[in-house]
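I opened the model to look up a few local features. My notes follow in the order I took them.

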Amino acid sequence: MSDPRRYVVIGGGLAGLASAVWLAEAGKQVTLLERRGRLGGRAHAMKAEAADDLPDNGQHVIASGYEHLFRYLTSVGTRRFVAFPQGGTLRWPDGRKAAMHTTGIRALGTLTGPHPDSTALDRVRTSVATARLCWQALRQPADLADLTTEQWFDRIGMPAKAREAVWDWLALGIAAEPVHQESAKVFADVLATGIRLGIKHRRAVNIGYPTTDLDTLYVTGALEVFQRHGVEVRHRAVARRIHIADGKVTGVALADGSVIAADAVICAVPNSNIGGLLDELPEHAEIYAAADKLGHTPIVSTNLYLDRPLGTDSEFEALIGGTGIIDEVFDRQLMTGRSTEKAWLYCLTTSGAYEQIHKTNEEIVAEQLELLRRYYPAAATANVVQAQVVRMPKATFSQVLGTQGLRPAQRTSVPTLALAGDWTATDWSATMESAVQSAARAVDLLLALPSVS
């Protein structure tokens, strides 16, 4: 028997796309509402005219433990576009570098002693501190939510060299916040998830990357699924309020004054856009307060097209001991096999870019290029063919001290209304996996509804 219910998904980011794909695969009648003229949310491709290229609005990495993300990529037919290298490279401004292994037994060496100046005693102390860190992630101290990640590192005795080489950088990448303000509980929860997945699959969680542009990876295949299953996609449809009557969803009011009839809704918008949508939900004030307190974390990405290669060793490299402007450099030639006929493309990512976000494009490009010259000798004579600065002032929700426990569940008091998005409660921090895991949970809630005739 077919389901006569009308399902509406609000938001065309990754959480919304996954929700719509899986509802459609389940045979449901789905309408997807997106306020902008394109899908993909905070992960989409752009156009670089001078270099005749299709870069992304920011470089994303993918962990091998992202089970829900791989389920989504399998659904849309793009799982083949994710690669997992043997590791990356750590670079210091004086020319020193170290391999960052992410697979096999050598991955343990990365966690315990990759700093070029590490002595045998340093490595022993790092090993002890790392073991203590992992144990406390799994058996968390009662006061962990009251500590910053930096305070936690200090308490367990993590050596300064190990922090400089790996742990501060890793924590920044996980939560997009510097360790002096990041919640230790957030970092511990993600670390624990990675450890459990490693035990489950009998291999360490590895770091990979897309080998194609983000539109191809996330959007193109979804559109094909929508076409096969009759999903209606409405662009520039700005949802204002979800109507609820007698404990059930009845429709979604749009900014143009129209109302789309709905029997079930997944609200998959960022915490910055949730205001007003849930006014008719009994617990809306609590959810709005949490969304507001979670706030935002800025990220700046720069697509830098150069007239010569930098001389990178790995697909992604971490810059250590610098001024904190760039924390990662991605070599798109090694990642995607793109042509260098017109330029070499490097994607530079700055997490927690609280100062950089306010600078001009020219200032950011000059700043990034100057820092690259400290790490890569070839950059000294490199010229910029084209540069794209992508500011994301609200790149994701903030995970600073005091935000633990704020993320709302996907389930609401109205069974036909579920929440999704990376800011809702999941096993991960602000990642693509968090967004897609939230979608899986939201879809499961709606698919568990009693059948109707």
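I started with Arg-236, which sits in the loop between strand 8 (232-235) and strand 9 (239-245). The model is predicted, so I kept to local features with pLDDT of at least 70. Arg-236 is not a glycine, yet its phi is positive, near 50°. Is Arg-236 buried or exposed? I read 64% relative accessibility for Arg-236, and it counts as exposed because the cut-off is over 50%.

Next I went to Asp-246, in the loop between strand 9 and strand 10 (248-254). Asp-246 also has a positive phi, near 55°, and is a residue other than glycine. Its relative accessibility is 81%, so I noted Asp-246 as exposed.

Then I checked Val-414. I found Val-414 in the loop between strand 17 (384-396) and strand 18 (417-419). Val-414 has 3% relative accessibility, so it counts as buried, the cut-off being under 20%. What does Val-414 contact, leaving aside its neighbours within four places in sequence? I listed Ile-244, Gly-247, Lys-248, Val-249, Leu-281 and Pro-282. I also took one distance: from Val-414 to Val-238 is 22 Å in space, C-alpha to C-alpha, and 176 residues in sequence.

I moved on to Thr-130. Thr-130 belongs to helix 4 (residues 120-138). Its relative accessible area is 7%, so I put Thr-130 down as buried. Residues up to four places away in sequence aside, Thr-130 touches Leu-111, Thr-112, Met-158 and Trp-167.

Trp-167 took me to helix 6, where it is one of the buried residues. Where is the kink in helix 6 centred? I placed it on Val-166, with a bend of about 40°, in a helix that covers residues 160-175. Val-166 is itself on the buried list of helix 6. That list also has Ala-162, Arg-163, Ala-165, Trp-169, Ala-171, Leu-172, Ile-174 and Ala-175. Just after helix 6, I noted a positive phi of about 60° at Ala-176.

Then I turned to the pair of helix 1 (residues 14-25) and helix 12 (residues 432-447). They pack at an angle of about 35°, with axes 8 Å apart. I recorded the crossing as right-handed. On helix 1, the contact uses Leu-14, Ala-15, Ala-18, Ser-19, Trp-22 and Leu-23. On helix 12, I listed Met-432, Ala-435, Val-436, Ser-438, Ala-439, Ala-440, Val-443 and Leu-447. By class, the contact has 12 nonpolar and 2 polar residues, and no charged ones. I kept one general point beside these lists: an α-helix has 3.6 residues a turn, so residues three or four places apart point the same way.

Last, I looked at the nonpolar cores. Which residues touch the most other members of the largest core? They are Tyr-72, Tyr-218 and Ile-266, in a core of 84 residues. Helix 1 gives this core its largest share, 9 residues. Apart from this core lies another, of 28 residues, including Ala-239, Ile-274, Tyr-288 and Leu-294.

Terms used: Residues are numbered from 1 along each chain as its sequence is written. This is a predicted model: local features need pLDDT of at least 70, side-chain atom pairs count only at pLDDT 80 or more; totals for chains, interfaces and linings use all residues. Side-chain values use heavy atoms; hydrogens and water are left out. Axes are lines fitted to C-alpha atoms, for helices over the stretch in contact, and angles run from 0 to 180 degrees between N-to-C directions. Helices (H or I, at least four residues) and strands (E, at least two) are DSSP runs, numbered from the N terminus. A crossing is left-handed if the near helix is turned anticlockwise from the far one by less than a right angle, and right-handed if clockwise. Contact means heavy atoms within 4.5 Å. Ala, Val, Leu, Ile, Met, Phe, Trp, Tyr, Cys and Pro count as nonpolar, Asp, Glu, Lys and Arg as charged, and the others, Gly among them, as polar. A nonpolar core is a set of buried Ala, Val, Leu, Ile, Met, Phe, Trp, Tyr and Cys residues joined through side-chain atoms within 4.5 Å. Buried means under 20% relative accessible area, exposed over 50%, partly exposed in between (1.4 Å probe, protein chains only). The bend at a residue is the angle between axes fitted to the seven residues ending there and the seven starting there.
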